[in-house]
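Please look over the sequence and the structure shown below before reading on. The report after them is meant to be read with both in view.

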Amino acid sequence: MVKEVKAKKGEKEDYLRLGIPGFDKLINPGIPKGTSNLVEGGPGSGKTVFCLTLAMNAIKQGKKVLYMSFEEPEARLKSHLAKFGWNISDYEKKDKLMIKRFNALDIARSVEALLSEAKKELLIDVQSVLIPKDFSPDIVLIDSLSSIASAFSGENSRFRIYMEQLFRYLEGHEITSFLIREVSNPSHIGNTFVEQGEAVSFLSDGIISIYNVFYDSGKRGRAIEIIKMRGTDIDRRMVECDVKNRKGFIVSESTLKGNYKLT
């Protein structure tokens, strides 16, 4: 379960653990509150289930979670949750969880209108564009950053301005965020292809990468590693992970071994 690392008497508790045991052992003392973190990987690697798992664990500890989908409709996401044995109706009724679908093109048009009104200045009201005013979350999950970047196609400077302001807003309100980004190749291990939204890698406080693993034997698997996490000590190993019914996303303590390729 997600729980805050116990602070010393008189100190503020500033870190979160995600309630995924193998993952939590990779980071000490936890993920700093108010940080923006990328969760990146290829199709089918388990990014969405990772975020749904940490969301359910957070809610069980009394946190409020906003899941913002730019791809899948609310009903499909709720169906995913049901497969893992998570009954979310009570959480929604108690105002602990909001799952909401957004249109990325509408976001891009709204940002353009705000920038025009502000005469291209950097400061815009991101809450009016993205964050619902009737819900005050502790954790925000955005699925996916790739969809938002695509909506800003050809307008990279405006996309960057928007993301800078979004990160500033989240940090200012001490909201911890996890932004899913789909990548075709793990560029940080030697590939040169530049993905949409690449600039956000430099703006983010943390990067969590999840991989599809293809072994020479023909076996397929998954692996996870923490690329960076400001303000913490991280175990830089790449470890095995998986998605299981009734359990969600699980992380092993075993280092990835053998002959394999990553995507």
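## The model and its confidence

This is a predicted model, in which local features need pLDDT of at least 70 and side-chain atom pairs count only at pLDDT 80 or more, while totals for chains, interfaces and linings use all residues. Residues are numbered from 1 along each chain as its sequence is written, and side-chain values use heavy atoms, with hydrogens and water left out.

The term pLDDT stands for the predictor's confidence in each residue, from 0 to 100. Its average over the chain is 84, and 84% of the residues score at least 70. Over residues 1–5 the pLDDT stays under 50, and the model gives this stretch 24 contacts beyond four places in sequence; a contact means heavy atoms within 4.5 Å. Residues 190–195 also have a pLDDT below 50, with nine contacts in the model beyond near neighbours in sequence.

## The chain as a whole

The chain contains eight helices and 15 strands. Helices (H or I, at least four residues) and strands (E, at least two) are DSSP runs, numbered from the N terminus. Of the 263 residues in the chain, 50% are buried. Buried means under 20% relative accessible area, exposed means over 50%, and partly exposed is in between (1.4 Å probe, protein chains only).

The accessible surface of the chain is about 12,900 Å², and carbon and sulfur atoms hold 47% of it. Such areas come from the Shrake-Rupley method with a 1.4 Å probe; for residues, only the protein chains shown count as cover. Among contacts in the chain with a separation of 6 or more, 67% are between residues 24 or more positions apart.

How far apart are the end C-alpha atoms of helix α2? They are 21 Å apart, which agrees with the 20 Å that 14 residues (47–60) should span at 1.5 Å a residue. The expected span is 1.5 Å times one less than the number of residues in the helix. Helix α2 is mostly covered, with 13 of its 14 residues buried. Gly 62 follows α2 and has a positive phi, near 90°.

Helix α7 (residues 156–172) has 17 residues and should span 24 Å at 1.5 Å a residue; its end C-alpha atoms are 24 Å apart, which agrees. The buried residues of α7 include Phe 159, Tyr 162, Leu 166 and Leu 170. An α-helix has 3.6 residues a turn, so residues three or four places apart point the same way. After α7 comes Glu 174, whose phi is positive, near 55°.

Leu 66 is part of strand β6 (residues 65–69). Its relative accessibility is 0%, so Leu 66 counts as buried. Leu 66 and Leu 97 are 31 residues apart along the chain, yet their C-alpha atoms are separated by 5.9 Å. Beyond four places in sequence, the residues that Leu 66 touches include Met 98, Pro 132, Phe 135 and Ile 139.

Val 239 is in strand β13. With a relative accessible area of 0%, Val 239 is buried. Glu 225 is 14 residues from Val 239 in sequence and 6.5 Å from it in space, C-alpha to C-alpha. Leaving aside neighbours within four places, Val 239 has contacts that include Leu 26, Ile 224, Val 251 and Leu 256.

## Backbone exceptions

Most residues other than glycine have a negative phi, and most peptide bonds are trans. Which bond is cis, with omega about 5°? The bond joining Asn 28 and Pro 29 is, and Pro 29 is in the loop between β3 (27–28) and β4 (31–32). The bond from Asp 143 to Ser 144 is also cis, with omega near 10°. Ser 144 is in the loop between β8 (139–143) and α6 (145–151).

Asp 95 is not a glycine but has a positive phi of about 65°. Asp 95 is in the loop between α4 (89–93) and β7 (97–101) and is partly exposed, at 35% relative accessibility. Arg 246, also a residue other than glycine, has a positive phi near 70°. Arg 246 is in the loop between β13 (239–244) and β14 (248–255) and is exposed, with a relative accessible area of 62%.

## Aromatic rings

Rings of Phe, Tyr and Trp (its six-membered ring) pair if their centres lie within 6.5 Å; planes under 30 degrees apart count as stacked, over 60 as edge-to-face and the rest as tilted. The count by this rule is seven aromatic pairs. Phe 23, Phe 50 and Phe 249 are linked into a cluster by ring pairs.

A charge sits over a ring if NZ of Lys or CZ of Arg is within 6 Å of the ring centre and within 35 degrees of the ring normal. Lys 64 lies over the face of Phe 135, at 4.7 Å from the ring centre. Lys 100 lies over the face of Phe 102, at 5.6 Å from the ring centre.
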